Amino acid sequence: QVQLVESGGGLVQPGGSLRLSCAASGSIFSIYAMGWYRQAPGKQRESVATITSGGVTNYADSVKGRFTISRDNAKNTVSLQMNSLKPEDTAVYYCNADLTTATMRHINYWGQGTQVTVSS
């Protein structure tokens with residue numbers, strides 16, 4: 001059994017900051033990539049930022065220079081620091097992990113999502 005628990009969403013004014021965190025727990029052997037995705041109403045889910053176990057990061061063009069993803073491999077956590085937030089960043093943000101379980105099953109796992117609303 002694997003769980004991804006997200007925290008840190010909320011309401012913020014344009015130009016403000018939020019930090020999202022995600023902790024993976026359960027029968028995990030190793031985690032390869034972790035990342036954050038988002039889905040706005042009426043739109044498809046899109047990748048925001050990803051990070052490999054080696055620290056290689058990838059960002060959507062729309063968030064480059066504003067968002068920073070980081071990861072603690074020892075604690076199986078990933079965070080997303082979001083600065084200079086814009087109304088178009090409003091969405092449900094989902095944590096994702098590409099991992100191998102203790103029983104050597106390779107799965108791609110999603111968190112339950114956390115709402116981020118940017119509005120004045």
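Colleague: Which side chain meets that of Asp89 in a salt bridge at 3.0 Å, N to O?

Modeller: That is Arg38; its side chain and that of Asp89 form a salt bridge with an N to O distance of 3.0 Å. Please bear in mind that this is a predicted model. The two residues belong to distant parts of the chain, 51 residues apart: Arg38 is in strand S4 (residues 28-39), while Asp89 is in the loop between S8 and strand S9 (91-101).

Colleague: Is Asp89 buried or exposed?

Modeller: Asp89 is buried, as its relative accessible area is 1%. Arg38 is likewise buried, with a value of 6%.

Colleague: Why is Arg38 counted as buried?

Modeller: Because its relative accessible area of 6% falls under the 20% cut-off for a buried residue.

Colleague: Which other residue forms a salt bridge with Asp89?

Modeller: Arg66 does, and the closest N and O atoms of that pair are 2.8 Å apart. Both Arg66 and Asp89 are buried.

Colleague: Which residues are linked in the network of salt bridges?

Modeller: The network links Arg38, Glu46, Arg66 and Asp89.

Colleague: And how many salt bridges does the structure hold?

Modeller: The structure holds four salt bridges.

Colleague: Let us turn to the strands. What is the strand order in the open sheet of four strands?

Modeller: The order is S1-S3-S8-S7, and the pairing is antiparallel. Strands S1 (2-7) and S7 (67-72) are the edge strands, each pairing on one side only. On average, neighbouring strands of this sheet are turned by 15° against each other, direction ignored.

Colleague: How many bridges are there between S7 and S8?

Modeller: There are six, and S7 pairs with strand S8 (residues 77-82) in the antiparallel sense.

Colleague: Which residue in S8 stands opposite Ser70?

Modeller: It is another serine, Ser79.

How values were computed
Residues numbered from 1 in each chain as written. Predicted model: local features only at pLDDT ≥ 70, side-chain atom pairs only at ≥ 80, totals over all residues. Heavy atoms only, no water. Pairing = 2+ DSSP bridges. Axes fitted to C-alpha atoms, helices over the stretch in contact; angles between N-to-C directions. Buried < 20%, exposed > 50% of the residue type's maximum accessible area, 1.4 Å probe, protein only.
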